[in-house]
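This briefing is intended for a reader who is meeting the structure for the first time. Please view the sequence and the model together before reading on.

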Amino acid sequence: MRTKTAHIALSVLASLLVIQTASAQRTQSGQSSLQVSSLYNGLSAGAEAFYEQYTLSGYWQAGVSGNLYKALLSTGDTLDYLHALAQGGYLFRLAGTRSRSLSLYAGGGILAGVEMLDPLSTLPSHIALSQAQNAFIYGMYAQGALEWFVARKVALLLRASAPVTFGSGIRALGGNIGLGVKINL
């Protein structure tokens, strides 16, 4: 009878260890994910999509983003301009739960792309831009992300980034906040 009780106790203990290990594997090293976020920069919106892969201490990302900005002209009109970018970087895991169902990340990366002035041609025809409508831009970004897994492979994201762009005729420093979804593959 005692051996049967001991076997049951060991079986329960082993199953608890397996369950704990399974929940800790939510973001294991080498695991890939896809992330899509909508962004807000104070005046208008944008979007980004990344392919990401976890490492032991965080994850690297590579993807694209499109951010629509607005600038007020001296005539009182508003100039819309779009940053279409390719981005890549690394975010370090700063804190989180043991099961990694909730994690906080911070890091940064590099970006390159094009700045398009008045992409939808909304400015009145009597206003002439003194610079080229398309310009090559490049730079870097700092980023923070809060990741909350609401299901085994699906996470909700809260993101904040501060891109610094060179080559822009309008804006060098920006800021975005965003909400997104991440799906582990």
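The points below cover confidence, overall fold, strand pairing and nonpolar cores.

The model is predicted: local features need pLDDT of at least 70 and side-chain atom pairs count only at pLDDT 80 or more, while totals for chains, interfaces and linings use all residues. Residues are numbered from 1 along each chain as its sequence is written, and side-chain values use heavy atoms, with hydrogens and water left out.

**Confidence**

- The protein has a mean pLDDT (the predictor's confidence in each residue, from 0 to 100) of 80, and 77% of its residues reach 70 or more.
- Confidence is lowest in helix H1 (residues 2-24), with a mean of 52, and highest in strand S5 (residues 102-117), with a mean of 92.
- Over residues 16-25, pLDDT stays under 50; the model has 8 contacts (heavy atoms within 4.5 Å) for this stretch beyond four places in sequence.

**Overall fold**

- The protein contains 1 helix and 8 strands, where helices (H or I, at least four residues) and strands (E, at least two) are DSSP runs numbered from the N terminus.
- Along the sequence, the pattern is α-β-β-β-β-β-β-β-β.
- Of the 185 residues, 35% are buried, which means under 20% relative accessible area with a 1.4 Å probe, protein chains only.
- Among contacts with a separation of 6 or more, 58% are between residues 24 or more positions apart.
- The protein exposes about 10,100 Å² (Shrake-Rupley method, 1.4 Å probe), and carbon and sulfur atoms supply 69% of that area.

**Strand pairing**

- Strand S5 pairs with strand S6 (residues 134-149) in the antiparallel sense over 15 bridges; two strands pair if DSSP finds at least two bridges between them.
- Serine 103 stands opposite glutamate 147 in S6.
- S6 also runs antiparallel to strand S7 (residues 154-166), to which 12 bridges join it.
- A hairpin of 4 residues links S6 to S7, and tyrosine 138 stands opposite phenylalanine 166 in S7.

**Nonpolar cores**

- The largest nonpolar core has 7 residues: Tyr54, Tyr59, Leu91, Tyr105, Ala145, Phe149 and Ala155.
- Such a core is a set of buried Ala, Val, Leu, Ile, Met, Phe, Trp, Tyr and Cys residues joined through side-chain atoms within 4.5 Å.
- Not counting residues up to four places away in sequence, tyrosine 59 touches Glu52, Gln53, Tyr54, Gly89, Tyr90, Leu91, Tyr105, Ala145, Glu147, Arg159 and Lys182.
- A second, separate core of 5 residues includes Tyr69, Ala71, Leu79 and Leu117.

Conventions. Buried means under 20% relative accessible area, exposed over 50%, partly exposed in between (1.4 Å probe, protein chains only).
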